[in-house]
Amino acid sequence: MEIPYTVEARPDTGVFNAKLGVWLFLASEVMLFGALFSSYVLLRTGAPAGTWHHGREFLNVPLATLNTIILIASSVTMVMSWASLKLNDFKKYRIYMGLTLLAGVGFLVVKGFEYGHKFEIGLLPKTNTFLAIYFTLTGLHGLHVIGGMILNGYFLGPGSKMFKTQPERFTNRVEVAGLYWHFVDLVWIFLFPTLYLL
Amino acid sequence: MSASDAESIRKQTRAYIVVFVTLMVMTILTVAVSYFHMPVGLAILVALVIASFKGSLVAAVFMHLSHERKLIYWVLLLTVIFFVVLMAIPSLSQWDQRMLR
Amino acid sequence: MALVDERVAHGHGEAHHEELGFWQKYVFSQDHKVIGIQYGFTALCFLLFGFSLMMMMRWSIAYPNQPIPLVGKLLKASGGIIVPEFYNQLGAMHGTIMVFLGIVPLAVGAFGNYIVPLQIGAPDMAFPKLNMASYWSYFIGGVIMLSSFFAPGGAAQSGWTSYPPLSDIAPTGQTMWLFGMLFLIISSVLGSMNFLVTIIQLRAPGLTWMRLPFFVWAQFVTSFLLLLAFPALQAAAVLQMMDRLAGTSFFLPSGLVVSGQQLQVAGGGSPLLWQHLFWFLAHPEVYVLILPAFGIVAEVIANNTRKPLWGYRSMVYAVTFLGFMSFIVWAHHMFMTGMGTVMSTFFQTTTMIISIPSVIVLTALLISLWGASIRFTVPMLFALAFLPMFAIGGLTGLPLGLAPADIHLHDTLYVIGHFHYVVAPGTVFAMFAGIYYWFPKVTGRKMSELLGKIHFWPSFLFMNGVFFPMLIQGLAGVQRRLYDGGASYSHAQPVLHWNAFMSGSAWLLGLSQIPFIFNLFWSMKKGEKVGANPWEATTLEWAAAPSPPIAHGNFAEIPTVHRGPYDYSLPGASTDFTPQHQLQEA
């Protein structure tokens, strides 16, 4: 017996299973990053006056701005890849999805440069509490980027075979992967100012 | 896929481009503002307002939250409530400590 | 299963389940029933193991510094004596194993997995692959936890709460505890997401929200708690891992002195941050422990009183409210951290408010018994015992929720007595009720009633023998986590004689579980064979075949629901139960 509502929406809820699933998962992710943000605020406001180190002392704002732009652009290509599938244009889908994946690689490369430079000049998580929270938050975010890239890579490569047999189901899958990818982008939109600019 | 559906998708893709441009402008803006060296409180406020605006654009347009089902809204409402509780931890504990002093 | 064969013949979609080999069918299974059994079996093993740790602790408490009989040979280094450091490991791991590896996986993983899809008339969980991943993530987490006993310096020993700074500077076992915890959290988050989607999306036609069996409601609220509360501990575990592995000081304040030496760290951290994050999870977690128990007890009581549950709707509203409130009571665990009066007043108030819905549920269950011709089956005995036991657990909690009383009772054995009354004769009894109640569904055979009664009565007696004296000792001021049970404190002397009594009760409680273990395995092979609905129950799981076939599809065809969950003894009906899928009276 097939599990119902994997493709079409359940009439009374209006969504298909995976969409509800990913939103619930994102709700959980909101709480995860929320707890870390909360810890950041607690540690920062709790620090005795003048002892807190600020991001601008150590961090490279232009590089991070570049990364912000890359990640936002990847969000656009991601949503365009979904729209292409909706328009039944598989070729365009592959181009946009490829660009999304490329942007992910670009983001990680830039991040790698940033990390590498800091390690070189001896700025480590244990140096002070700001760097500790910086490395924890960006590291965890980086892991999420990698996770999203694996997902996107699967849907660009082996997973895309499904488009031939069950196009609607595949489009749904890409939409769900997109929701996750946009969330990763969204987290960065908040990480960027709170870590780099303030 | 019917013609009207395709048309609405095309309309949406135009919206994506507009949002993309807006997000870029906002990113430049938030970086530029940070060079003004405003008082800390104001700087935090401005940065968070811009970030929230950008975040809502991503959520509303890219994640299609602007026209999502009620069920999803309920899930998110619940999350927002508990998120607020979570974010209240630092202020709760420190405000209370200050009252003690 | 003509339907299934036909579908395989057509061979569309992912329906090739009939040809599954042994490994895919029983080990890496994606079927919710097999996964439920896997969860159940693993969790029962962990419960037994966690219980054994406690029996060792009880030796040290009753007879400190004396070599422990039987298992003493394993402790070569200390000549069979449980040294304080080892006692701390036993304590921390007993708590961790019982809560995170025993009860939650049994209550949610096992019962939820096996029963929920059946009760809502679904062919399986919404995401079978994810379901499998949840189980194996739990399994890996459990293996890591167990292997930490062999780490240099032993297992985690900073209590199940792992408070820093102690846990930050503890031996390697604590790092393994954190890694194990991350796997358990991933398992819980994926699992609860799966449950929520299943319950929202896969309900059978006609099964509206107010027709859901109460057990499903309990699992629904539980899943929300797991989904939204666990990430806080996940964040905390990541931070503590950074402290331990990368040398950061999230939880280490400046100028911390350890063994007369100032700790060489950047400092600036806050130990209280851990407590906030930990209890943000762990208070909802308390309700994760009790809500499924409510659900099981409600099912068993409705079935054995042959009456509809009294106040079904108010019970549903109560558990929903309970789940919501459980997120804003966490700091009542922290009255002793020097918080001010404003915050403690707030959390006292919310704590008193949250006791109301628990009382509503308990009262509704009690009133359900009124005027019923009760069938005293084994599951019903456990369910009935649950009511007063949980009541003692709940009522003893009230003084702890009020800061002035908590200041005296905090960290005494009174606290231990309180929450064990909730979890041990409370939740664990409900789990037993569930096992006896649903065993015929899983195996097609009933468990032995006689052995069940031999299991029940001594268990009931000795549970109280273990935990009631704790309340007495705690009120006398004896603290928890003492390896000698308080022998070195003068204020503990008047109540010290209880220690041997409690330990004896604990070992006898252990012996009383032997009939259960024997019954469980014996009845699988030799138990009385029964049909699909041996208890004459109304909910949908009994509409499926006894021991529903593995592979997809629980029902020959998805049933349509026509009525509420507990239509027992309908006036004018030919039998005293009317199943949910029955259209009208025959």
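Between domain 1 and domain 2 of chain B there are zero salt bridges, a salt bridge being a side-chain nitrogen of Lys or Arg within 4 Å of a carboxyl oxygen of Asp or Glu. The model is predicted, so local features need pLDDT of at least 70 and side-chain atom pairs count only at pLDDT 80 or more, while totals for chains, interfaces and linings use all residues. Residues are numbered from 1 along each chain as its sequence is written, chains are lettered from A and ligands numbered from 1 in the order in which they are written, and side-chain values use heavy atoms, with hydrogens and water left out.

**Chain B and its domains**

Chain B contains three helices and zero strands, in the order α-α-α from the N terminus; helices (H or I, at least four residues) and strands (E, at least two) are DSSP runs, numbered from the N terminus. Chain B has a radius of gyration of 19 Å, well over the 13 Å that the globule rule gives for 101 residues, so chain B is more spread out than a compact globule. That radius is taken over C-alpha atoms, and the globule rule is 2.2 Å times the number of residues to the power 0.38. Along the principal axes, the C-alpha atoms of chain B fill a box of roughly 70 × 40 × 10 Å.

The domain assignment, which is of automatic or database origin, divides chain B into domain 1 (1-68) and domain 2 (69-101). Their C-alpha centres lie 24 Å apart. Four residues from domain 1 of chain B and five residues from domain 2 of chain B take part in the contact, where contact means heavy atoms within 4.5 Å. On the domain 1 side, B:Leu65, B:Ser66 and B:Glu68 lose the most area to domain 2 of chain B, together 100% of what that side buries. Two residue pairs (both at pLDDT 80 or more) are in polar contact across this interface. A polar contact is a pair of N or O atoms within 3.5 Å; within protein, one must be able to donate a hydrogen and the other to accept it, and residues adjacent in sequence count only if both atoms are side-chain atoms.

**Buried areas**

Buried area is the accessible area (1.4 Å probe) that two parts lose on being put together, summed over both.

| Interface | Buried area | Share from carbon and sulfur atoms |
|---|---|---|
| Chain B and chain A | about 4,100 Å² | 82% |
| Chain C and chain B | about 1,500 Å² | 86% |
| Domain 1 and domain 2 of chain B | about 330 Å² | 56% |

**Chain B with chain A**

Here 44 residues of chain B are in contact with 47 residues of chain A. The interface has one salt bridge, in which A:Lys19 pairs with B:Glu68, the closest N and O atoms being 3.1 Å apart. Four residue pairs (both at pLDDT 80 or more) are in polar contact between chain B and chain A. Helix 1 (3-34), helix 2 (40-62) and helix 3 (70-100) of chain B each supply at least two residues of the side that touches chain A. By class, that side has 29 nonpolar, eleven polar and four charged residues; Ala, Val, Leu, Ile, Met, Phe, Trp, Tyr, Cys and Pro count as nonpolar, Asp, Glu, Lys and Arg as charged, and the others, Gly among them, as polar.

**Chain C with chain B**

Contact joins 16 residues of chain C to 15 residues of chain B. Between these chains there are zero salt bridges and zero residue pairs in polar contact (both at pLDDT 80 or more). Helix 10 of chain C gives the most to the side of chain C that touches chain B, with four residues.
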